Amino acid sequence: MDNFPIINLENLNGDERKATMEKIKDACENWGFFELVNHGIPHDLMDTVERLTKEHYRKCMEQRFKELVSSKGLEAVQTEVKDMDWESTFHLRHLPESNISEIPDLSDEYRKSMKEFALKLETLAEELLDLLCENLGLEKGYLKKALYGSKGPTFGTKVTNYPPCPKPDLVKGLRAHTDAGGIILLFQDDKVSGLQLLKDGTG
């Protein structure tokens with residue numbers, strides 16, 4: 001897509017702040033989506049989370065997914081499947097109360113890394129919300145407070161693997177959808193390019 005917005009958060013600290021804030025404003029108004037670079041989350045932590053996620057899938061979820069596919073007869077489908085997403089997933093809840101100790105089969109290293117990763121994501125999300133406040137002429141912290149809810153903020157991570165599909169022309173990775181929530185941060189696998197956006201009727 002032409003002019004897909006890429007926001008370099010490092011540019012907020014110097015002469016390019018005004019132009020960067022304008023890019024964020026335009027991305028929010030015209031795209032509802034943008035890519036972040038230099039966001040402050042260490043690359044080694046992201047690499048560790050990605051590695052452990054893939055290891056956990058292979059060790060604990062791959063066989064279950066294959067059994068699900070087999071039980072639905074999806075290896076031999078001849079017509080488009082419109083009622084399922086081709087994903088293997090589980091949910092971690094961080095706030096208001098963490099469920100990370102309750103998720104079965106996670107290694108201690110994975111639990112520790114995901115807790116650390118969640119703290120970094122929370123900080124980044126709050127920074128982004130304050131940048132949106134600034135662009136909207138709202139006081140700092142306004143959007144965080146607005147999204148807080150009666151029991152505090154709801155914050156979680158959907159951990160997803162997309163296994164190879166035998167009929168990719170008939171089974172979509174994910175059906176068309178709009179994410180719900182105040183702010184969504186997506187950590188995309190850089191080895192499997194599959195994210196598609198719909199803007200102005202064009203994908």
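Me: Where is Ser 88 found?
Reply: In this predicted model, Ser 88 is found in strand 3.

Me: Is Ser 88 buried or exposed?
Reply: Ser 88 counts as buried, because its relative accessibility is 6%, and buried here means under 20%.

Me: And which residues is Ser 88 in contact with, leaving aside its neighbours within four places in sequence?
Reply: With those neighbours set aside, Ser 88 is in contact with Tyr 57, Met 61, Phe 65, Val 159, Thr 160, Asn 161 and Pro 163.

Me: Okay, new topic: in the largest nonpolar core, which residues touch the most other members?
Reply: That core has 42 residues, and those touching the most other members are Phe 90, Leu 92, Met 114 and Phe 117.

Me: Which element gives the most to this core?
Reply: Helix 3 does, with eleven residues.

Me: Where does the core lie relative to domain 1 and domain 2?
Reply: It lies between them, because domain 1 (1–38) and domain 2 (42–188) both give residues to this core.

Me: Now helix 1: which of its residues are buried?
Reply: Thr 20, Met 21, Ile 24 and Ala 27 are buried in helix 1, and, seen down the helix axis, the buried residues fall within an arc of 120 degrees, so they line one face of the helix.

Me: What do those buried residues pack against?
Reply: The buried residues of helix 1 pack against strand 1 (6–8) and helix 3, whereas Lys 18 and Glu 29, on the other side of helix 1, are exposed.

How values were computed
Residues are numbered from 1 along each chain as its sequence is written. This is a predicted model: local features need pLDDT of at least 70, side-chain atom pairs count only at pLDDT 80 or more; totals for chains, interfaces and linings use all residues. Side-chain values use heavy atoms; hydrogens and water are left out. A nonpolar core is a set of buried Ala, Val, Leu, Ile, Met, Phe, Trp, Tyr and Cys residues joined through side-chain atoms within 4.5 Å. Buried means under 20% relative accessible area, exposed over 50%, partly exposed in between (1.4 Å probe, protein chains only). Helices (H or I, at least four residues) and strands (E, at least two) are DSSP runs, numbered from the N terminus. Domain bounds come from an automatic or database domain assignment. Contact means heavy atoms within 4.5 Å. The arc is that of the directions from the helix axis to the C-beta atoms.
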